[in-house]
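Hello,

Please find the structure below. Some notes on its packing follow.

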Amino acid sequence: MATILVRYGEIALKGKNRGQFEQQLHRNLKGALHDLEASVTRHRGRFSVNCPDAVLHQITIRLGRIFGLTSFSPVYETVLDIEAIKEKAAGIVRDLPDSKNTFKVKARRSNKDFPYSSPELNRILGAHLLHSYPGLAVKIDDPSFTLEVEIGYHKAYLYLERISGPGGLPVGTCGRALLLLSGGIDSPAAGWLAMKRGLSVEAVHFHSFPFTSRHSLEKVVDLCRKLVLYGYKLPLHQVSVTKIQEALRKNCPDELGVILLRRMMLRLAERLCGQRKLQALVTGESLGQVASQTLESIDVISKATRMLILRPLIGFDKLEITGIAEKIDTYQTSILPFEDCCTLFVPGSPVTKPKLAVVERSEQNLDLEFLLDEAMKTLETQIIR
Ligand code: ATP
Ligand code: MG
């Protein structure tokens, strides 16, 4: 059996949020590992995961995706006894390659009932290792390995590495939001950043089936499968905007098409939020990227709803966004060349500085309520796990 010690951020954790944060993190850990033979135990200020050696690697990959974790370490455990700890330390070092010949010991005592302080432990264990292995030397700056020792309440943990966690806050501790998910590069990255700040996310995709293909729907499902690795459940809503696009084409100026369609998307998203009790919208907008993302366009589009709209990517460059997409493995899916509803009927020269009054006037040619009601009837939801 293997044990992994799991650490989480403590800085923002004072007061009554702490218990809620830890409970949610506990649920998220159990959820992420539920299909592996692992058990998760909560200690003071830590979690530990016990699992068969065979799944250790898989578990470290999954822990790397659980927001709220700062770091984790596969550990060797022993009883709270100085002789047992010395023996364990010597055993760990015996298995290291010869090139690991300088070291330091870094002990930490959470359990103050243990009779040796951290500096005493450093000294005792350091001396024991030097005595056991004459080839070793202590080096405080830049040693070839650091043996860390944590004295817990029931056991002592020894380890050689700290693997970085993804940071952030546990998904589900900061509220619920609806991600507007196109098939592009940006919106999955925006969703990931929203989850990183503790939002639990549902996604909505607007399509123009049958004008857009089955493939573009599958593409969005694939993107959700990547995103859900960072949370444990992701409801995906799909809504057809085909009828809306037809109405726009018939009744409104071409060059406003994209703006008007986006405003309809926001109205539909707002309705969905009402049904699903979601508190905010998340989009992949980034300032200045395309015609619909000038300050004027974003302003006119967002005035279609009174909901809070979060735009995690607003200040990111395309390169930075691409970097996130690669890291979360959505990039290759996003660049698949399937048409998006917005790439259909796109006018040659869309306006870049729309005027709200003009946009609202052309919406008077539409039966908004009817179009929205009809579109909502096409809603299909699937839960991605
Ligand atoms: P992305 O890379 O996410 O497609 P983009 O750079 O193509 O973004 P736009 O086409 O202006 O930018 O879209 C801005 C945002 O509007 C998207 O990031 C997404 O949040 C939302 N959006 C656009 N099209 C759709 C769609 N078909 N379904 C759901 N949301 C959409
Ligand atoms: Mg797009």
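Which residues in α3 meet which residues in α4? On the α3 side they are Ile82, Ile85, Lys86, Glu87, Ala89, Ala90 and Val93, and on the α4 side Leu121, Ile124, Leu125, His128, Leu129 and Ser132; contact means heavy atoms within 4.5 Å. By class, the residues of this contact are nine nonpolar, two polar and two charged (Ala, Val, Leu, Ile, Met, Phe, Trp, Tyr, Cys and Pro count as nonpolar, Asp, Glu, Lys and Arg as charged, and the others, Gly among them, as polar).

Before the rest, the conventions. This is a predicted model, in which local features need pLDDT of at least 70 and side-chain atom pairs count only at pLDDT 80 or more, while totals for chains, interfaces and linings use all residues. Residues are numbered from 1 along each chain as its sequence is written, chains are lettered from A and ligands numbered from 1 in the order in which they are written, and side-chain values use heavy atoms, with hydrogens and water left out. Helices (H or I, at least four residues) and strands (E, at least two) are DSSP runs, numbered from the N terminus.

Helix α3 (residues 82–94) packs on helix α4 (residues 118–132) at about 50°, with the axes 10 Å apart. Axes are lines fitted to C-alpha atoms, for helices over the stretch in contact, and angles run from 0 to 180 degrees between N-to-C directions. The two helices are therefore oblique to each other (under 35 degrees is roughly parallel, over 145 roughly antiparallel, 65 to 115 roughly perpendicular, the rest oblique).

There is also an open sheet of six strands with mixed pairing, in the order β14-β13-β10-β11-β12-β15; two strands pair if DSSP finds at least two bridges between them. Its edge strands are β14 (309–310) and β15 (380–384), each pairing on one side only. Strands β11 (residues 200–207) and β12 (residues 234–240) pair in the parallel sense over five bridges, and Val204 has His237 in β12 as its bridge partner. Helix α8 (residues 257–276) packs on this sheet, touching β10, β11, β12, β13 and β14, and its direction makes about 150° with that of β10.

Helix α8 also packs on helix α13 (residues 368–376), at about 60° and with the axes 10 Å apart, which makes α8 oblique to α13. The residues of that contact divide into eight nonpolar, one polar and four charged.

Lastly, what covers the buried residues of α7 includes β11, β12, α8 and α13.

Regards
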